[in-house]
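The sequence and the structure are shown first.

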Amino acid sequence: MTNTGNRDTAWYAERIACLAEFMTPERHDVLRNTVAMRTRYMTVLAENMFHGQNAAALIRHCEAFGVQEMHTVETLCRFEPNPDIVRGTDQWVDIRRHASTAEAIAALRGAGYRIVATTPHREDVTPETFDVARGPFALVFGTEHAGISDEVIAGADEFLRIPMCGMVESLNVSASAAILIYMLSERVRLTVGDWRMDRAGQAEVLFRWMQASVKDAAGILARKFEDCE
């Protein structure tokens, strides 16, 4: 069994260099450049999202705009992304599953995140006025028809809405998520100094991505390094 406690940046660097020999330089550059743009400063929590299309869309939005991690609560229904829509993007985004809304909120708050509930029914902040620099934050999206739960409303630190000037009151969850994740991730990169993952976090993610990209990566590493599983 591998001792993960010994996995510092140098540990990853050696293994990344090993696996780089088994992919094209172009592929290696794509992975390195992509991980350098990843952030954990913001994250997403999906609460009981039951349409596979919306689940897949949330993952694709996170991947496209550099959000490395998203969270789910599945007390009422399973979070099952439609494979025809997710198109493999779930291998590049880390999905953390929680047993309950209370557990998810506690875990996120314990990790230093502000809980930001997305809803058209509260007059709080908009994507333009939300203070992205005040600290890491988690955007909470509720179930497709009912929206966020009363538990999220009670536990939220802030509420975020997308202003509407038409007849409709709100957008569907996929469209709302696309707008908010794009706008806020762009504002984070422009205004927050430490939005990137640290060097150790980047190395860990890059190593996992390279393992997924190289055929027989486990065998290659086992033959070169004694401490690999």
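A residue is called buried under 20% relative accessible area, exposed over 50%, and partly exposed in between. By this scale Arg96, with a relative accessible area of 36%, is partly exposed. The model discussed here is predicted.

Six strands make up an open sheet with parallel pairing, in the order 3-2-1-5-4-6. Its edges are strand 3 (94-98) and strand 6 (158-160); each has a single partner strand, so one side of each lacks a neighbour in the sheet. On average, and with direction ignored, neighbouring strands are turned by 25° against each other.

Strand 5 (residues 137-141) is joined to strand 1 (residues 42-47) by five bridges, and the two run parallel. Within this pairing, Met42 has Phe137 as its bridge partner, and Leu45 stands opposite Val140. Strand 5 also pairs with strand 4 (residues 114-118) in the parallel sense, over four bridges; here Arg114 stands opposite Phe137.

Five of the five residues of strand 5 are buried, so the strand is largely enclosed by the rest of the structure. Phe137, Leu139 and Phe141 point one way from the strand, while Ala138 and Val140 point the other way.

The loop between strand 5 and helix 6 (150-155) contains Gly147, which is partly exposed at 26% relative accessibility. Leaving aside residues up to four places away in sequence, Gly147 touches Glu47 and Gly142. Between the C-alpha atoms of Gly147 and Glu63 the distance is 23 Å, with 84 residues separating the two in sequence.

**Charged side chains**

Side chains of opposite charge can pair when their charged atoms come close.

| Pair | N to O distance |
|---|---|
| Arg32 and Asp29 | 2.6 Å |
| Glu69 and Arg96 | 3.1 Å |
| Asp94 and Arg96 | 3.8 Å |

Arg32 and Asp29 are three residues apart in helix 2 (residues 25-36), a separation of about one helical turn. Arg32 is partly exposed at 37% relative accessibility, and Asp29 is partly exposed at 32%.

Glu69 and Arg96 form a salt bridge. Glu69 lies in strand 2 (residues 69-73) and Arg96 in strand 3, so the pair ties together parts that are 27 residues apart in sequence. Glu69 is buried, at 11% relative accessibility. Asp94, which also meets Arg96 in a salt bridge, is buried at 7%. A network of salt bridges links Arg40, Glu69, Asp94, Arg96, Glu204 and Arg208.

Arg189 belongs to helix 7 (residues 173-191). Apart from residues up to four places away in sequence, Arg189 touches Met37, Thr39, Phe65, Gly66 and Trp195.

**Cysteines**

How many disulfides does the structure hold? The number is zero. For Cys77, the closest cysteine sulfur is that of Cys62, 17 Å away and therefore too far for a bond. Cys77 counts as buried at 19% relative accessibility, whereas Cys165 counts as exposed at 84%.

Notes: Residues are numbered from 1 along each chain as its sequence is written. This is a predicted model: local features need pLDDT of at least 70, side-chain atom pairs count only at pLDDT 80 or more; totals for chains, interfaces and linings use all residues. Side-chain values use heavy atoms; hydrogens and water are left out. Two strands pair if DSSP finds at least two bridges between them. Axes are lines fitted to C-alpha atoms, for helices over the stretch in contact, and angles run from 0 to 180 degrees between N-to-C directions. Contact means heavy atoms within 4.5 Å. A disulfide is a pair of cysteine sulfur atoms within 2.5 Å. Buried means under 20% relative accessible area, exposed over 50%, partly exposed in between (1.4 Å probe, protein chains only). A salt bridge is a side-chain nitrogen of Lys or Arg within 4 Å of a carboxyl oxygen of Asp or Glu.
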